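Hi,

I am passing along the structure we talked about, so please have it open while you read. My notes follow just below.

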Amino acid sequence: MRPAAQRADTLKHWLVTGAAVAAGMVMLYGLLADRGGDDLDKVTAPQDRGYYLTDAVLREMGPDGKPRVVVRAPAAEQLLSDQSVLMHDPTIDYKGAKTGDWVVTARQGKLAPDQTTLLLSGDVRVTGDTSHGSPVITGDLISYDTRTGKVNSSEPVHVVFGRHVLNGRGLQADLKSGTMRLESDVNGRFVPN
């Protein structure tokens, strides 16, 4: 038979080991039982990213070989999930043969995977060449069609040309021809010369 001191040490060892195993089982049960998704749903996995560019410049050349559209962004990143491109603080320079130059700015831009539409959001500003009588259009969500040079929105927009002001919901503007149409809720203020 073992001495009493050795039996006491063995008993302590088994008690500590048993308590540690029990505590581990309780913690494991707590983690597994709480898999209702509350904490896990709050954390979203980052989207898979493709390329990331700084000081990005995209150019589309016109038939004369000169840049027709130039898109600049301090940062741009591709989303692999849908092949779209997110742009931060994009600026678009558009050269219109009949209407002069246009500059479009926004806080965010998302270029569609087929590269035909650039959805602009956050303090969007479309500024035309004032010597051609072009307006300044502002809104919070405006899309730019890269093929046609048209600017569209179904949201509220604010249009200023000279001292005149128009507000409305919905916009169709053609930067090539210099035409614009407000869709609904149109009101304005015209200041006589």
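Which residue takes a positive phi in the hairpin of strand 10 and strand 11? Gly178 does, with a phi near 80°, and the hairpin has 4 residues between its strands.

Some ground rules before the rest. This is a predicted model, in which local features need pLDDT of at least 70 and side-chain atom pairs count only at pLDDT 80 or more, while totals for chains, interfaces and linings use all residues. Residues are numbered from 1 along each chain as its sequence is written, and side-chain values use heavy atoms, with hydrogens and water left out.

**Overall picture**

The chain holds 2 helices and 11 strands (DSSP runs numbered from the N terminus: H or I of at least four residues for helices, E of at least two for strands). Along the sequence the order is α-α-β-β-β-β-β-β-β-β-β-β-β. Of its 193 residues, 31% are buried, where buried means under 20% relative accessible area with a 1.4 Å probe, protein chains only. The accessible surface is about 12500 Å², and carbon and sulfur atoms account for 57% of it (Shrake-Rupley method, 1.4 Å probe; for residues, only the protein chains shown count as cover). Contacts are heavy atoms within 4.5 Å; among those between residues at least 6 apart in sequence, 35% join residues at least 24 apart.

Strand 7 (residues 117-127) runs antiparallel to strand 8 over 9 bridges, and Arg125 is bridged to Thr138 in strand 8. Strand 8 (residues 136-145) is largely enclosed by the rest of the structure, because 7 of its 10 residues are buried. It is joined to strand 9 (residues 150-161) by 7 antiparallel bridges, with Val157 in strand 9 as the partner of Gly139. The hairpin of strand 8 and strand 9 has 4 residues between the strands, and Gly149 in the turn has a positive phi of about 75°.

Next, strand 9 and strand 10 pair antiparallel over 10 bridges; Val159 has Leu166 in strand 10 as its bridge partner. Their hairpin has 2 residues between the strands, and Gly162 takes a positive phi near 65° there. Strand 10 has 8 of 11 residues buried, so the rest of the structure largely encloses it.

Beyond its neighbours within four places in sequence, Met87 touches residues including Leu58, Val71, Arg107, Leu111 and Leu118.

**A buried serine**

Ser84 sits in the loop between strand 2 (67-79) and strand 3 (85-88). Is Ser84 buried or exposed? Ser84 counts as buried because its relative accessibility is 1%. Its side chain makes a polar contact with that of Asp82 at 2.7 Å (N or O atoms within 3.5 Å; within protein, one able to donate a hydrogen and the other to accept it, and residues adjacent in sequence count only if both atoms are side-chain atoms). Leaving out residues up to four places away in sequence, Ser84 also touches several residues, including Glu77, Leu79, Lys110 and Pro113.

Best wishes

Key:
Buried < 20%, exposed > 50% of the residue type's maximum accessible area, 1.4 Å probe, protein only. Pairing = 2+ DSSP bridges.
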